[in-house]
Amino acid sequence: MNVVVVESPAKAKTINKYLGRDYTVLASYGHVRDLVSKDGAVRPEEDFALDWEMDTKGAKHVREIAQALSGADTLILATDPDREGEAISWHVLEALGPKKLKGKTVRRVTFNAITKDAVLKAMAAPRDVDMELVDAYLARRALDWLVGFSLSPVLWRKLPGAKSAGRVQSVALRIVVDREVEIEKFKPQEYWTVDALLKTASGADLPTRLSMHDGKRLKRLDITDKAMADAALAAVKAGRFKVSEVEAKPVKRNPPPPFMTSTLQQEAARKLGFAASRTMQAAQRLYEGVDIGGETVGLITYMRTDGVQMDEAAIQQLRKAIGSTFGDKYVPEQPRRYQTKAKNAQEAHEAIRPTDAYRKPDSLRLDGDMKRLYDLIWKRTLASQMEAATLERTTLDFAEPGLRTELRATGQVVLFDGFLALYQEGQDDAEDDENRRLPRVTKGEAVTVQDASATQHHTEPPPRFSEASLVKKLEELGIGRPSTYAAILEKLRERSYVRAEKNRFIPEDRGRVLTAFLENFFKRYVEYDFTADLEEKLDLVSAGDLEWKSLMREFWKDFSTALGDISELRITQVIDALNEALGPHIFPAKDDGGDPRGCPSCKAGTLSIRLGKNGAFIGCSNYNGEPPCKYTRPLAPNGDDNGAITPDGKVLGVDPESGEPVTVRSGRFGAYCQRGEGEKPKRASVPKGWDLETVPFAKVLQLLSLPREVGAHPEDGEMILANVGRYGPYIQKDKTYVNLPGLDDVFEIGLNRAVQLIADKKAGGGRFRNAPAAPLKELGVSPVTDKQVLVREGRYGPYITDGDTNANVPKGGDPLAVTFDEALALLAARAEMGGGKKKKPVKKAAAKKEAPAKKEAPAKKVAAKKAPAKKKAAAKKAPAKKAKAK
């Protein structure tokens, strides 16, 4: 009997069918162990000893594997073919321990696709666990833990409101912030273009643009003002033009390579609007397979890869499929072979491709995201092996007799579509592309100017990053790895360091403050080159060219020194540095030339960043003066042209009932509305997303009228109230609170629904105790946990759960509108970040006693953990020795 271990239950079911009765296939459900979630998990003073723990779920899965192994001869570790998969296999071995493995043959197999042929071929070619890949994993986990657990507490002390910093996360945030600074510094430049509509001798209309004026060849920005444009326009209208040059050049356009992880995420964002986490969730399901004719078959190869090369048999099948679908002229003479350009790519990984080129998207019964993503992968893969497209680019020049003024028309026509018959790669930002056919003209032919015009333009700042362009930037810089991009982007959003508007990332003030702090006091560790260099060293570890603890010693020597330097900082030093770094953003120049840091309230104080428990805000230096100045505002200025709304506020209107003015004012926690004056005027925070320029004044009055009385409860007559609190809209009866999906519900919810929601909450055992309340929505069975995916109400708002992992519904989203595919993507991103339900460590006492070498049980654990570092070669050969003995 053979026991096979894979990551997921869906994968286990499929492979069990392929292998038959002599095999028992079990799932580890991802990692069975992780570093302990407390200080001391990585101990540099003990040569980077690591402490691991299993939560209750991990312990359960290990017990199941051990039980199955007790009646088996061989353990086959068949986790994914990457660094993370290798680490999962190693963790399973470490968790089982020498006793459970005594007398057993241990083998490692990898396959790039979940098909019967691929699995059986892998089983016939086993190997040992690759300890060099494991060492690279250990180094990466230790680095991330040390940065997170060492730097984050410093931030909490020196920069209140900062949530965390990460080795790669902070650099990705800096990229977004740097682009925003670049946009803010950008000065638009005026320029003009002159266009003319010509009529050819054949009567065809031909749009052209001025390319030469006054004998000078024009560049894009050469016509700088209206006077120059008017002079050029007059010259065009007065000119008598003839065709002076006809140039037609054939051009070949080659297809793009097949997908790897980063390019799949980029193209799915461009063409399908998918977030990176959503793309990876759908790809995981395609990889693990669907039912086809009663058999579960993986539809694509492994989706976490940085390679673009393909198996030779797959290339030949693609060429045949192209010929049968499009014809022989679409098949190039020689197969196309691609190589990854990145120097640190793991070339053993194949590109993401369909497992069967003849399995067309329309022939499969797929739903939602899976269907759209498979269609994209299938088309891109076939296109990568198709013939190049042949284009003809034509340039026509028209000159007047004195050759002082010239017009130009450019166009492009497709002579042979080639791969464009199936696929065209998307673009992050639109580019001018003259894809038009020009009328046929001959040199010397006279044309007439029908119409001409001059148009003013201004140069545009560089665009903000989209998910696709940010992933591309990270990849170009060599920062992060394919499997980490989705988690990095999700973490930035979760921490409220960035927000997405129109699919573009905008840094929040919280993110800008953190980046400014790190650039001033931890500069080396957010530099692009340093982070990329560290990634290269991790690749050296995985290649066996660098010992992982040597890398850790080198890193920790400088990092710990930098931590010590920061711990000596005074808050005043931090504030001075932030005022300087963020000055152009938080203290913009005034139109009247006044001091941008002058207090608009007391007129005597100086504005400065102040740090509070909820983050940074702007306050006056006279806050402790006589009399004290209580002026505060958020970091980002808003309101009038010279800065924030003043403490006296901006009048929105007059309450018709009380006759009191209603104003919007600025406070340390953002804008709020106030009715009247006095010691305790009625106030209400302006909800996120409200634009007071467009929100009806009646809505503002409704906001100030809260809490709203919904009605008396029919059972006891107690009043039910609706209100907006710290965690969003809710209803309340006595001490029972129920969250509401949206702000409008506060004003619109009726008594019947309110009574039902309160009854449901009480039926669920009270607020967050005992059994949960009835779910808001049931979405379907998770392919990962085999449990129902539910949308529920939680203390901090609506969330999604699959029984093992919880993920918040995105801010501002409607929980009842969440689809099954969106829910799976959110859960996958949360799980990849290590989030979800709290772990319940088992055998904590044993974990604490690992240090003493004399005690039998702990000694075994320590030996197991240190084996890879001290005797790497021996560790790799261990399974082979057992095989000989057997």
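Accessible areas here come from the Shrake-Rupley method with a 1.4 Å probe, and for residues only the protein chains shown count as cover. On that basis, the chain exposes about 43,200 Å² of accessible surface, 49% of which belongs to carbon and sulfur atoms.

This is a predicted model, in which local features need pLDDT of at least 70 and side-chain atom pairs count only at pLDDT 80 or more, while totals for chains, interfaces and linings use all residues. Residues are numbered from 1 along each chain as its sequence is written, and side-chain values use heavy atoms, with hydrogens and water left out.

I begin with the chain as a whole. It has 24 helices and 34 strands; these are DSSP runs numbered from the N terminus, helices being H or I with at least four residues and strands E with at least two. Of its 886 residues, 50% are buried, where buried means under 20% relative accessible area, exposed over 50%, and partly exposed in between, with a 1.4 Å probe and protein chains only. Taking contact as heavy atoms within 4.5 Å, 65% of the contacts between residues at least 6 apart in sequence join residues at least 24 apart.

I turn to helix packing. Two packed helices are described by the angle between their axes and the distance between the axes. Axes are lines fitted to C-alpha atoms, for helices over the stretch in contact, and angles run from 0 to 180 degrees between N-to-C directions.

Helix α12 (residues 467-477) and helix α13 (residues 485-494) cross at roughly 120 degrees, their axes coming within 11 Å. That angle makes α12 oblique to α13, since angles under 35 degrees count as roughly parallel, over 145 as roughly antiparallel, 65 to 115 as roughly perpendicular and the rest as oblique. From α12, the residues in contact are E467, L470, V471, L474 and E475, and they meet Y485, L489 and R493 of α13. By class, these are 5 nonpolar, no polar and 3 charged residues; Ala, Val, Leu, Ile, Met, Phe, Trp, Tyr, Cys and Pro count as nonpolar, Asp, Glu, Lys and Arg as charged, and the others, Gly among them, as polar.

Why is α13 described as largely enclosed by the rest of the structure? The reason is that 8 of its 10 residues are buried, including Y485, I488 and L492. Just after α13, S496 takes a positive phi of about 60 degrees.

The second pair is helix α8 (residues 261-272) with helix α11 (residues 368-384), packed at about 115 degrees with axes 11 Å apart. Among the residues that meet are L264 and A268 in α8, and L373 and I377 in α11. This contact has 6 nonpolar, 1 polar and 4 charged residues.

Two loop residues follow. Q385, in the loop between α11 and β15 (389-399), has a relative accessible area of 0% and is therefore buried. Beyond residues up to four places away in sequence, Q385 touches several others, among them M310, L318, P335 and Y338. R437, by contrast, is exposed at 63% relative accessibility and lies in the loop between β16 (406-416) and β17 (448-458). Leaving aside neighbours within four places, R437 contacts Q412 and V413.

Finally, the backbone. Most residues other than glycine have a negative phi, and most peptide bonds are trans. L706 and P707 are joined by a cis peptide bond, with omega about 5 degrees. Y29 has a positive phi near 55 degrees, and D734 likewise has a positive phi near 55 degrees.
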